[in-house]
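Open the model in your viewer and keep the selection tool at hand.

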Amino acid sequence: AIERGWCTLGVPASVECTIGDVVGAIALQAMVLILLLTTVAHTALQYINGTITVDREITGRFVASRFRERLVTLLCISGFIVSMALQTSQYPWAHPAQVTGLQIFGSLLIAFHALVFLQVHIRMGKSWSPIPQAKVHQELVADGVFGYARHPMYANFIWAVPSVFLATLNWIVAAAWGVGWIILALYRIPKEEEILIDLFGQSYLEYRQRV
């Protein structure tokens, strides 16, 4: 039997820790770690190459407080982080089944979503920002993954909900992940759309009609 300590999301007391539980937990935690490290690294890189500068005039028209934007982001992602930290898979009602094949498949899907996330960062380059705001050096990105979705970051994380559930077979973690990203998308996207229209005008409106 696998040592129960490897099941970092927890496991019901009545069953053993399985390879599916271990792989699913590692995949999800790796995804969160990649999200955090990429965000920090991209921000640091923009500081180094001088592309971090915000156009405060345009941003101020649509964003009342950048501190509030960061706080909302933190609150939205804290739910699934807490659900992981509390090891909710230890409760049979939250993690009612163990199916190793499904959990490994879900873990592979999570790896795919992580790759899409990295691709979004690469395509955005100097135009990326961790919160809705206009950048001085911002460019309209409309190719790559942006040819399929105007906001592929949010779409990717929302589409990852079934993957998170399959990997963990924990509906609490999956629900917390989905609710957090859906709320964040609904809160942010209207502001981001307004900023992009202000920055790029007709070019963005034509892109919005295509995608």
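Select Trp-177 and show what surrounds it. Leaving aside neighbours within four places in sequence, Trp-177 is in contact with Leu-28, Met-31, Val-32, Phe-80, Phe-157, Ala-160, Val-161 and Val-164; contact means heavy atoms within 4.5 Å. This is a predicted model, in which local features need pLDDT of at least 70 and side-chain atom pairs count only at pLDDT 80 or more, while totals for chains, interfaces and linings use all residues. Residues are numbered from 1 along each chain as its sequence is written, and side-chain values use heavy atoms, with hydrogens and water left out.

Colour the helices (DSSP runs of H or I, at least four residues, numbered from the N terminus).

Now turn to the open spaces. A pocket is an open set of points on a 1 Å grid over the protein atoms alone, with protein on both sides within 12 Å along at least five of seven lines; its lining residues have an atom within 4 Å of a point.

Select Trp-128, Ser-129, Pro-130, Ile-131 and Arg-188. Of the 46 residues lining the largest pocket, these are the closest to its centre, and the pocket holds about 960 Å³ of space. Its lining divides into 28 nonpolar, 10 polar and 8 charged residues. Here too α7 gives the largest share, 7 residues.

For the second largest pocket, with about 170 Å³ of space, select residues including Phe-112, His-113, Tyr-148, Asn-156 and Trp-159. The largest share of this lining, 4 residues, comes from α5.

Last stop: which residues line the largest cavity? A cavity is a set of grid points where a 1.4 Å probe fits but cannot get out. Select Cys-7, Thr-8, Leu-9, Gly-10, Asp-21, Ala-25, Ser-89, His-95 and Thr-168 to show the lining. About 50 Å³ of space lies inside.

How values were computed. Points joined across faces, edges and corners; volume = space filled by probe spheres on them. Helix = DSSP H or I, 4+ residues; strand = E, 2+ residues; numbered from the N terminus. Nonpolar A, V, L, I, M, F, W, Y, C, P; charged D, E, K, R; others polar.
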